[in-house]
Structure formats: structure tokens, C-alpha cells
Amino acid sequence: MSEFDTTLIHGGGVDDNNTGAVNVPIYNSSTYKYPELLGQVRWDYARSGNPTRESVERLMAHLEDGSGAYAFSSGMAAIHAVFSIFKPGDHVIIGKNIYGGTFRLINEYLKDYGIKFTSIDTRDLDSLEKCIQANTKAIYFETLTNPLLQFSDVKSIGKIAKKHGLLTIVDNTFLTPYLQKPLTMGADLVVHSATKYLSGHSDLMAGVVVAKDKEVGDKIYQAQNTMGATLSPQDSNLLQRGIKTLSVRMDRHIENAKHVIEFLKSDPKVAKIYYPGCDGDANFDNIKDQCAGFGGVLSFELQPGLDVKGFINHLQLFTLAVSLGAVESLAEVPAFMSHFEIPKETRLQIGIKDELVRLSVGIEDYRDLIKDLEQALKFA
Ligand SMILES: Cc1ncc(COP(=O)(O)O)c(C=O)c1O
């Protein structure tokens with residue numbers, strides 16, 4: 001097995017390349033020829049599998065140390081496939097602080113199909129264990145939560161899950177396998193919105209599920225093939241291209257985020273910064289060794305009474321947009337944008353205030369990013 005940075009470049013590929021092309025071709029074929037009736041074929045129909053998608057799926061399986069990976073047309077399609085392996089009456093414990101779209105999937109769809117959920121702060125291991133019931137099947141959480149950057153202890157949660165025979169399912173969108181590999185720490189399934197850091201250029205929607213064991217992986221494959229929200233050959237190619245530069249991009253995101261945090265700390269208009277190690281999180285010392293860094297997303301609150309709208313509307317280099325993890329810097333207000341699906345009362349309980357701002361720090365020159373924040377803060 002090669003080192004991570006080498007796997008990023010060489011970890012995909014399928015073995016049918018007779019042309020010497022250094023990139024995997026984009027196979028624009030929905031169907032594949034049988035040599036004869038009942039003959040054996042490796043690919044028969046592109047929803048079931050195609051070489052371009054298989055290449056990026058292999059790459060993701062290598063990068064996450066999984067037995068198999070499954071690429072979907074969005075992160076939500078990937079998450080839906082994961083939940084589809086449960087049956088009416090099954091109970092799943094869910095991290096309290098989760099992406100708004102996942103919250104909506106659970107509360108507006110899956111509950112109607114008879115799957116039961118308990119939402120809990122997964123940093124609180126005692127309370128988490130107390131939520132386990134006879135019908136509990138899994139614990140689902142985001143390692144580093146969106147948008148408050150709260151960090152959950154994958155190793156300890158994995159141990160609790162194992163003790164009770166449950167699956168541990170981790171949304172690893174914010175960290176990526178470059179910073180953390182949950183399957184090596186006790187998780188059974190990892191999901192990604194590959195729309196974010198993995199593709200890295202805000203030019204496609206994609207989702208990936210990676211399974212540790214083949215048995216659970218087969219269930220995900222079944223869901224992928226049956227429900228059909230698969231990643232197209234063109235987008236599989238774009239995703240694979242994006243993944244090749246994951247580590248170099250991520251190093252710069254992290255470096256730039258450090259500079260932006262230093263600046264925000266020095267500005268009296270900023271009341272609180274949310275980034276691991278910044279918010280006085282008692283959990284931080286225990287878990288900081290579980291990943292190699294925390295990525296380029298951070299959130300902050302302005303001092304009470306300041307004008308968030310004035311600030312955000314005057315940003316010039318940061319684009320006012322949802323999403324994260326791409327080369328360009330983005331800013332948004334979760335309460336009105338990425339997390340608007342969560343009812344206000346629940347949102348405030350979780351800690352997402354109306355004046356919380358989330359930044360996805362890109363890979364531009366950090367001095368320009370700081371200049372932009374500095375000038376926009378004058379309007380707060
Ligand atoms: C942590 C997390 N998980 C899942 C998703 C959903 O992914 P997608 O937008 O690719 O469907 C998002 C989207 O923002 C996210 O931030």
C-alpha cells in the first residue's frame with residue numbers, strides 16, 4: 001500500500017486501458033455488449049456500474065481504507081442510501097448538530113417510513129450510551145459538525161457501538177480521509193458530500209459511501225443500484241481529478257484558516273470563534289490526536305447588537321454562498337442559508353444563532369482574505 005499522497009494520484013484506475021492514456025477515459029455508454037446470450041460481462045448497464053465510476057470508487061475505498069466505495073449523484077443521495085438499509089421499527093441515534101439537509105431527510109421523510117431517531121450531542125458519551133434501546137441499529141454523526149465545528153470522538157463512539165452490536169456511521173465531509181480515516185478508528189460506514197473538499201472546485205455535486213466490511217458494503221451497493229442516484233461518468237471523472245489535489249489544497253486551506261482565525265481573534269467586533277481548540281471545548285484535549293488537522297471551515301459570532309447583514313453584504317472576495325471546501329472562499333449565515341430547514345427553536349438549542357457567520361476559507365492569498373474581512377467588519 002503506497003503513502004496517502006501517492007494513492008491520491010494512483011489509487012483509482014480500471015484495468016481495461018489499452019491505449020496508454022494516463023487518465024481513465026470517460027465512458028459515455030449507458031449499456032455494454034454481451035458476447036453471447038448468458039455470457040459473462042463485467043459491466044452491463046451504467047447504473048449498475050461503469051468503468052469511470054468504478055475508478056473513483058476504488059480510489060475512495062483505498063483512501064478511506066474500506067472494502068468498497070459507492071459514488072452517488074449528491075451527498076444527500078449517499079446519506080439516503082445509508083439510511084435505506086434500515087427497516088421500519090429500527091432506531092438510529094443521530095448527532096444533534098447535523099447538516100440541515102440530513103435533518104430534513106430524517107424528520108420529513110424517514111420518520112414517515114417508520115424509522116425512529118433520537119438526537120443527541122455525540123460528544124456526551126454517557127448520554128449517548130443511555131439512548132441505546134433494544135431496537136437501536138446505528139449511531140450516525142458528523143465528526144466535525146457543520147457549522148459549529150464540534151468534534152466527536154470516533155474511537156470511543158465506535159467502542160460503545162461495538163459493545164451493543166450497532167453500526168457506527170460517520171459523515172466525514174469536513175475532514176476527508178486526508179485528515180481522518182474513521183474506518184480505521186472503529187466506524188463501519190463513512191459518507192461524504194464529495195461536492196465539498198473531495199471535488200474541491202464547486203463544479204459538481206457528488207456523494208460517496210465507503211464501507212469497512214463487504215457485507216454492509218453490499219447493502220449500500222444494492223441501494224445504489226436499486227434507487228439509482230449514481231454518479232455520472234463525466235462527474236466521476238471530475239471528482240477523480242479533484243481528489244488528486246486534495247492534500248495540497250487542504251494544507252493551504254488549513255494554513256489560511258489559521259491566519260484568518262488570528263485576525264478574527266484580534267478584532268474586538270468578533271465575540272466568539274468556532275474552530276477546534278478555539279471555543280474552550282473541554283473535549284478538545286481528548287480528541288485532538290484523532291485527526292491530522294481541522295480543515296478550512298470556521299464560524300464566528302459578532303458582538304451582540306452588531307449588524308451581521310452589513311458585514312456579510314460588504315464582503316467582496318468572500319462570495320456569499322452556501323457550500324464549502326472549494327478553492328474559492330465563501331461566507332454564509334447558517335440560520336438563513338445552509339441550516340434554514342431546522343426550526344428556529346431547535347436551531348437555537350443547538351447553538352446556531354441568527355448572527356452566526358460561517359466561512360469556508362479558500363486557497364487564495366490569506367492577506368487578501370484578511371483585508372476583505374477587515375473592510376467588511378467596518379460595516380457591522
Ligand atoms: C456535512 C454535510 N453532509 C452532507 C451534505 C449534503 O451533501 P450534498 O449537498 O452534496 O447533497 C452537506 C452539504 O452541505 C454537508 O455539509
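Me: How far is the polar side-chain atom of K196 from an oxygen atom of the ligand?
Reply: In this predicted model, the distance is 2.6 Å.

Me: Which other residues have polar atoms listed against a ligand oxygen?
Reply: N146 has a polar side-chain atom 3.0 Å from an oxygen atom of the ligand. With G75 the polar atom belongs to the backbone, and it is 2.9 Å from a ligand oxygen.

Me: How much of the ligand does the protein bury?
Reply: The protein buries 93% of the 390 Å² that the ligand exposes when taken alone.

Me: Changing topic. Which residues touch the most other members of the largest nonpolar core?
Reply: They are L239, I243, L264, L298, F300, F311 and L359, out of 78 residues in that core. Helix α10, residues 246-266, supplies the largest share of the core, with 8 residues.

Me: Why does this core lie between domain 1 and domain 2?
Reply: Because both domains give residues to it: domain 1 covers 4-244 and domain 2 covers 246-377.

Me: Take L298. What is it in contact with, leaving aside neighbours within four places in sequence?
Reply: L298 is in contact with L149, A257, V260, I261, L264, Y274, Y275, V357, R358, L359 and V361.

Me: And what about the second core, how many residues does it have?
Reply: That separate core has 36 residues, including F72, I98, A138 and L356.

Definitions and conventions: Residues are numbered from 1 along each chain as its sequence is written. This is a predicted model: local features need pLDDT of at least 70, side-chain atom pairs count only at pLDDT 80 or more; totals for chains, interfaces and linings use all residues. Side-chain values use heavy atoms; hydrogens and water are left out. A nonpolar core is a set of buried Ala, Val, Leu, Ile, Met, Phe, Trp, Tyr and Cys residues joined through side-chain atoms within 4.5 Å. Buried means under 20% relative accessible area, exposed over 50%, partly exposed in between (1.4 Å probe, protein chains only). Helices (H or I, at least four residues) and strands (E, at least two) are DSSP runs, numbered from the N terminus. Domain bounds come from an automatic or database domain assignment. Contact means heavy atoms within 4.5 Å. A polar contact is a pair of N or O atoms within 3.5 Å; within protein, one must be able to donate a hydrogen and the other to accept it, and residues adjacent in sequence count only if both atoms are side-chain atoms. Accessible areas come from the Shrake-Rupley method with a 1.4 Å probe; for residues, only the protein chains shown count as cover.
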